[in-house]
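Here is a short briefing on one structure. Please look over the sequence and the model before reading on.

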Amino acid sequence: EAAGIRVDVGYGETLAKELRDRCEALAKEAAGIAAGLGIQNFKPTEKDRVAEIVFGKLAFPPGRMTDKRGRPSVEASVLRQFAGQHRFVDAVREHDRYWKALSTNVEKYILPVSRGGWLWPDGKLHSDFHLDVARSGRSSSDNPNIQNIPVRDRDLAPRIRRMLIPTHPKGEFAELDEKAFELRVSTMYTGDRAFADVFRRDGNPHAEFAAVLTKKPLTQVKSGTKDYAAAKGSNFQLIFGGSAFGLRMVLEQDYGIKLMEAEAFRIVKEFFRLHPETAAYLKESERLVMKQGWVESLTGRRRAIHPPPEGATGYERNHPFHVAANTRVQGTAWDLMLGAVLEFYRAMKRHKLRSRQNNVVHDNGWFDIWPGERAAVLELAHKAMTQLGHLFDFVTVPLDTEAKVGPTMGDMVEMPRG
């Protein structure tokens with residue numbers, strides 16, 4: 001909180017103008033299409049009217065999702081299904097992306113606190129971090145939520161992140177990510193022998209699952225392919241349980257992969273054949289919810305979870321059990337990350353460094369590096385994030401990190417160890 005993150009205000013103002021201009025052009029285009037359909041004075045931010053056009057005038061089928069008043073939802077995940085099928089939908093979707101980036105991130109980052117923004121007089125963002133707000137057991141932040149900066153949007157994410165710059169004009173940013181962190185923490189809970197074997201020999205669990213699913217030699221499975229992404233998404237989804245239907249939804253929404261129902265069933269069946277200990281962990285999480293109404297992390301932090309109502313089926317029945325399995329792992333993962341934050345802080349003081357850690361986002365840490373301190377920071381941060389056995393006796397599988405370094409948070413390149 002005290003270290004903060006410096007903002008390049010000049011670049012931010014230029015970016016804000018670009019986004020405003022783009023929003024205005026898209027709003028005008030969408031309004032023109034709406035007028036041709038008999039809807040006057042249309043604005044893309046009026047979701048009632050978006051739904052009226054999408055599900056009424058254009059006759060797209062409403063999905064299962066509804067808003068708080070029971071009307072068909074026009075959230076991004078719903079409109080994504082109709083992408084490329086009508087220019088109105090594409091214009092609204094694109095407007096939503098730019099408008100959200102502008103109003104949620106860019107404008108507030110460059111607006112002073114005295115005028116309702118988040119920029120402090122020292123030119124930095126100073127978020128408030130919380131240890132006990134997120135029900136999942138993770139940390140959270142607000143004013144601003146610096147943990148929610150876009151990552152997956154290949155167009156906007158690097159442009160927004162480029163606003164965040166090192167404190168020293170000649171400094172650097174580093175981002176260290178815990179590799180397959182939730183899988184490793186899940187393995188500490190479950191004792192899953194297959195995952196433990198992969199991590200102890202420094203293997204890649206996603207590549208190995210992809211090789212099993214595709215019946216290809218491991219050497220032919222490449223990161224960045226559809227097969228690899230499907231295996232990665234399946235691993236992270238199924239350690240917390242889930243159905244073939246849920247897996248299909250996650251892979252489509254998060255990875256852009258559409259699966260036939262039979263293929264999703266095959267993936268689920270193959271995963272639990274390889275990981276019987278994880279299947280047993282999920283059964284145990286279900287039993288804990290039904291018996292005592294709460295679960296806890298490996299450090300003893302508890303969360304109350306009510307059993308499903310009698311007679312519940314499908315999502316209503318399974319959701320509490322999914323939450324229980326998820327909470328136990330994510331709560332423990334945050335306990336480990338908090339330990340890593342404290343370890344790095346002590347090391348930084350011990351070595352009299354001027355660099356600081358200025359953010360933690362679930363399973364990765366951000367570091368504001370002063371000139372001449374890159375090597376020391378990367379080494380100390382890696383040790384802090386991977387050598388936690390002396391703090392937590394449940395660390396039974398090796399931890400590992402991968403690092404990126406750059407002049408801004410939007411211009412990072414991977415750094416080989418050493």
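Does Glu263 count as buried, partly exposed or exposed, and at what relative accessibility? Glu263 counts as partly exposed, at 28% relative accessibility. The cut-offs explain the label, because buried means under 20% and exposed means over 50%. The model is predicted.

**Salt bridges within helices**

- The whole structure holds 28 salt bridges.
- Glu263 takes part in one of them, with Arg266 as its partner. The closest N and O atoms of this pair are 3.0 Å apart.
- Both residues belong to helix H11 (residues 261–274). They sit three residues apart, so about one helical turn separates them.
- Arg266 is also partly exposed: its relative accessible area is 30%, against 28% relative accessibility for Glu263.
- Helix H14 (residues 374–386) contains both Lys383 and Glu379. They are four residues apart, about one turn of the helix.
- Lys383 and Glu379 form a salt bridge, with 3.2 Å between the closest N and O atoms.
- Lys383 is partly exposed, at a relative accessible area of 36%. Glu379 counts as partly exposed too, at 46% relative accessibility.

**A salt-bridge network**

- Glu18, Arg97, Asp153, Asp155 and Arg159 belong to one network. Salt bridges with shared partners join them.

- Arg87 and Glu94 meet through their side chains in a salt bridge, at 3.9 Å from N to O.
- Arg87 is partly exposed, with a relative accessible area of 35%.
- Glu94 has a relative accessible area of 17%. It is therefore buried, as the limit is under 20%.

**The five-stranded sheet**

- Five strands form an open sheet in the order S9-S10-S6-S11-S12. The pairing is antiparallel.
- Strand S9 (356–361) and strand S12 (413–415) are the edge strands. Each of them pairs on one side only.
- On average, neighbouring strands of this sheet are turned by 25° against each other, direction ignored.
- Strand S6 (residues 172–178) pairs with strand S10 (residues 364–369) over six bridges, in the antiparallel sense.
- Within this pairing, Glu172 has Ile369 in S10 as its bridge partner.

**A helix across the sheet**

- Helix H13 (residues 314–350) lies across S6, S9 and S10.

Methods: Residues numbered from 1 in each chain as written. Predicted model: local features only at pLDDT ≥ 70, side-chain atom pairs only at ≥ 80, totals over all residues. Heavy atoms only, no water. Pairing = 2+ DSSP bridges. Helix = DSSP H or I, 4+ residues; strand = E, 2+ residues; numbered from the N terminus. Axes fitted to C-alpha atoms, helices over the stretch in contact; angles between N-to-C directions. Contact = heavy atoms within 4.5 Å. Salt bridge = Lys/Arg side-chain N within 4 Å of Asp/Glu carboxyl O. Buried < 20%, exposed > 50% of the residue type's maximum accessible area, 1.4 Å probe, protein only.
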